[in-house]
Amino acid sequence: MNVVLGCRSKSKCDAAAKIINDEIASSRAGISKRARVIPLIIDLADFGSVNSFVSQLQGMDIDVLLNNAGFVPNPNMPVNQYGLDPSFTSMHLSHFLLTEELLKRKPSMRVVNTSSGTHHFCAMPFAAPEFIRRTFPPKQNPGCVDEDFMRNNITTETDSAAYIQAKIANLMHAVEIPRRHPQSTSVAIDLGWVGTHIQPFMEGILTPTDLGWMRSASVGVLPVLQAILLSDKELVEDLDRQWTDGGVVMNVFGRSEEPFSRPWWSESVNLGKSRMLELSFMLWDVSEALIQKHSK
């Protein structure tokens with residue numbers, strides 16, 4: 001088994017690959033010595049770089065794609081060279097492009113999208129009591145990625161809800177993949193709160209992880225490994241459904257669950273599962289049109 005490591009920085013990518021390959025070479029855990037990590041460059045801010053990355057994978061049999069890129073953008077980042085929100089481009093649209101290109105080669109590929117527990121903030125404020133909604137009006141649209149967002153916000157600078165908009169888009173993408181590609185399977189990871197380096201307050205002498213407020217990265221990665229390594233049958237056997245019903249969510253405990261199944265995803269506030277599946281369908285078509293327009 002080989003792993004292709006896609007990174008923006010060649011020096012960091014090469015260094016990470018060397019560490020892992022050295023561990024494989026010295027391991028006594030029964031890992032095949034033929035297994036290796038292959039570092040390749042990809043810049044998700046650039047659709048051309050995504051297409052170049054895909055061309056470098058020619059001849060490789062890709063069984064699992066992990067779309068893992070994420071960052072917390074500053075508000076008011078200007079539109080990029082495509083006239084699009086740069087954060088939505090990097091965290092969703094480039095993932096969409098990469099996934100589509102690789103599914104052309106391997107229709108049965110497993111796709112794993114790293115989402116976030118923050119995607120629930122696209123529903124929770126709207127399910128709160130009315131006096132709370134009036135006192136603390138949410139800045140994001142209901143469901144975050146709704147018709148208004150798709151029509152107006154993808155082609156503007158970033159706003160204060162950019163991260164959670166991208167993260168729910170990751171989940172909506174995963175939900176829709178098997179509905180569009182019936183041979184495929186897909187999982188969105190609800191990571192919860194994991195101590196990475198995505199925000200400055202997560203680093204320093206005394207971190208939230210040290211205080212027990214966040215799970216460590218070594219613990220937080222376990223649901224990702226479950227999503228990658230479990231069989232197609234194991235991922236849905238407790239859900240009484242088929243893969244053609246759509247992708248699933250892997251929760252923080254490493255268990256599959258239906259998307260949009262928590263109480264705050266409620267039909268009473270027009271954010272139930274049927275509504276979110278409708279928006280997921282729409283987001284796919286919008287993403288496809290943008291990719292066709294800007295990716296040559």
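This is a predicted model: local features need pLDDT of at least 70, side-chain atom pairs count only at pLDDT 80 or more; totals for chains, interfaces and linings use all residues.

Reader: OK. Which residues is S280 in contact with, leaving aside neighbours within four places in sequence?

Author: S280 is in contact with M172, E176 and F260.

Reader: And where's S280, in terms of helices?

Author: S280 is in helix α11, residues 273–294. Helices here are DSSP runs of H or I with at least four residues, strands are runs of E with at least two, and both are numbered from the N terminus.

Reader: Is S280 buried or exposed?

Author: S280 counts as buried because its relative accessible area is 1%. The cut-offs are under 20% for buried, over 50% for exposed and partly exposed in between, with a 1.4 Å probe and protein chains only.

Reader: What separates the C-alpha atoms of S280 and R215?

Author: They are separated by 30 Å, and the two residues are 65 residues apart along the chain.

Reader: Back to F260. Where is F260?

Author: F260 is in the loop between β9 (256–257) and α11. F260 is buried, at 5% relative accessibility. The backbone has something to look at too: F260 has a positive phi of about 55 degrees although it is not a glycine.

Reader: What about N270, what's its phi?

Author: The phi of N270 is positive, about 60 degrees, and N270 is not a glycine either. N270 also lies in the loop between β9 and α11. N270 is partly exposed, with a relative accessible area of 47%.

Reader: Changing topic. How many cavities of 30 Å³ or more does the structure hold?

Author: It holds 1. The largest cavity has a volume of about 50 Å³. On a 1 Å grid over the protein atoms alone, a cavity is a set of points where a 1.4 Å probe fits but cannot get out, while a pocket is an open set with protein on both sides within 12 Å along at least five of seven lines; lining residues have an atom within 4 Å of a point. Grid points are joined across faces, edges and corners, and a volume is the space filled by probe spheres set on the points.

Reader: Which residues line that largest cavity?

Author: F260 is one of them, and the lining also includes H119, H120, D190, R262 and W265. By class, the lining has 5 nonpolar, 3 polar and 4 charged residues. For those classes, Ala, Val, Leu, Ile, Met, Phe, Trp, Tyr, Cys and Pro are nonpolar, Asp, Glu, Lys and Arg are charged, and the others, Gly among them, are polar.

Reader: And what lines the second largest pocket?

Author: F121, P125, Q140, S160, A161 and I164 line the second largest pocket. Their classes come out as 4 nonpolar, 2 polar and no charged residues. The space in that pocket is about 190 Å³.

Reader: Got it. Now S90, buried or exposed?

Author: S90 is buried, with a relative accessible area of 12%. S90 is found in helix α3, residues 86–105. Not counting residues up to four places away in sequence, S90 touches L44, A45, F71 and H95.

Reader: Last one, the overall picture. How many helices and strands are in the chain?

Author: The chain has 11 helices and 9 strands. Of its 296 residues, 46% count as buried. Along the principal axes, the C-alpha trace spans about 60 × 50 × 45 Å.

Note on methods
Residues are numbered from 1 along each chain as its sequence is written. Side-chain values use heavy atoms; hydrogens and water are left out. Contact means heavy atoms within 4.5 Å.
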